[in-house]
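Dear colleague,

Please find the structure below, together with its sequence.

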Amino acid sequence: MDTSSLFRLDGRVALVTGGSRGIGKMIAAGFIAQGAKVYISSRKAPACFETAAELGPNCIPLPQDVSTVAGCEALAAQLAAHETRLDILVNNAGAAWGAAFEEFPESGWDKVMNLNVKSPFFLTQALHGLLQASGSHARPAKVINITSIDGIRLNPQETYSYHASKSALIYLTRRMAARLVEDGINVTSIAPGAFASEMNRVARDHGDAIAKFIPSRRIGVDEDMAGAAIYLASRAGDYVVGETITVDGGVAHASTGAGFAD
């Protein structure tokens, strides 16, 4: 048994949505470090090009808004113009919305559910041919959905559509996995906890305070997220199907709730 290259991604082609910042950028950088060619997509073209320039020649920007089915299909067509196969798809683009129950708007429901649940499904559907061209039972292609521990347990914030969307995506991951494994495509998800990002501004701006309520006593760093994604994307994770891996310092599964961080 040779484990020296278990986590390498040499020669693999990946697409990371929402890849210009935050968790998507962490994953893209990790994949590139392991030898992959990574396409990143984001709604804001300047940020997409800026991040690609920062991450180097193996990072290629494909700006696109994937909040609609038409946008998903357009991104798939863009990628198909460059590649005949796709080894790894990371459905990371997402949105959140917080408002009091009495005031929570339909727009905040629809925006979040569309981007967080509908888009991962329809982008994977649009890229099915390229994923199938790569995948086999001996060496599966990978789809990694970025969910959240908020899909597993409640947080104190009134983020109704976000909670619902991430729970839905965790279960959708299992349903998609059951179908796509037939085609040599493994579907899994990563449920992050507190990582500093534009979406999680509380962790970004008040990391030390948040860390007091995390069993590991710190928020997540780039290597934590990259490591989990590399594991699932690489040969090391080839026998993992339909699973959601929490990367949260123990909040979801190793916390008793109040009082553990006095």
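In which hand of crossing, left or right, does α1 pass α2? The crossing of α1 past α2 is right-handed, a crossing being right-handed if the near helix is turned clockwise from the far one by less than a right angle, and left-handed if anticlockwise.

Please note that this is a predicted model, in which local features need pLDDT of at least 70 and side-chain atom pairs count only at pLDDT 80 or more, while totals for chains, interfaces and linings use all residues. Residues are numbered from 1 along each chain as its sequence is written, and side-chain values use heavy atoms, with hydrogens and water left out.

Helices α1 and α2

Helix α2 spans residues 45-55; helices are DSSP runs of H or I with at least four residues, numbered from the N terminus. The axes of α1 and α2 lie 11 Å apart at an angle of about 30 degrees, where axes are lines fitted to C-alpha atoms over the stretch in contact and angles run from 0 to 180 degrees between N-to-C directions. The two helices, α1 and α2, are therefore roughly parallel (angles under 35 degrees; over 145 is roughly antiparallel, 65 to 115 roughly perpendicular and the rest oblique). In contact (heavy atoms within 4.5 Å) are K25, A28, A29 and I32 of α1 with T51, E54 and L55 of α2. That contact has four nonpolar, one polar and two charged residues; Ala, Val, Leu, Ile, Met, Phe, Trp, Tyr, Cys and Pro count as nonpolar, Asp, Glu, Lys and Arg as charged, and the others, Gly among them, as polar.

Helices α1 and α9

Helix α1 (residues 22-33) also packs with helix α9 (residues 222-233), their axes coming within 8 Å and crossing at roughly 60 degrees. The pair α1 and α9 is therefore oblique, and its crossing is right-handed. From α1, I23, M26, I27, G30 and F31 meet D222, M225, A226, A229, I230 and A233 of α9. By class, nine of these residues are nonpolar, one is polar and one is charged.

Helices α4 and α6

Helix α6 (residues 160-180) packs with α4 at about 15 degrees, the axes being 9 Å apart, which makes α4 and α6 roughly parallel. The crossing of α4 past α6 is right-handed. Their contact includes W109, V112 and F121 of α4 and Y160, L169 and L172 of α6. The contact of α4 with α6 comprises 14 nonpolar, five polar and one charged residues.

The cavity

A search of the whole structure finds one cavity of 30 Å³ or more, a cavity being a set of points on a 1 Å grid over the protein atoms alone where a 1.4 Å probe fits but cannot get out. The largest cavity has a volume of about 50 Å³, volume being the space filled by probe spheres set on the points, which are joined across faces, edges and corners. Its lining (residues with an atom within 4 Å of a point) consists of T17, V66, C72, N91, N92, A93, L115, S119, P120 and L123. Helix α4 (residues 106-126) gives the largest share of this lining, four residues. The lining holds six nonpolar, four polar and no charged residues.

With kind regards

Conventions: On a 1 Å grid over the protein atoms alone, a cavity is a set of points where a 1.4 Å probe fits but cannot get out, and a pocket is an open set with protein on both sides within 12 Å along at least five of seven lines; lining residues have an atom within 4 Å of a point.
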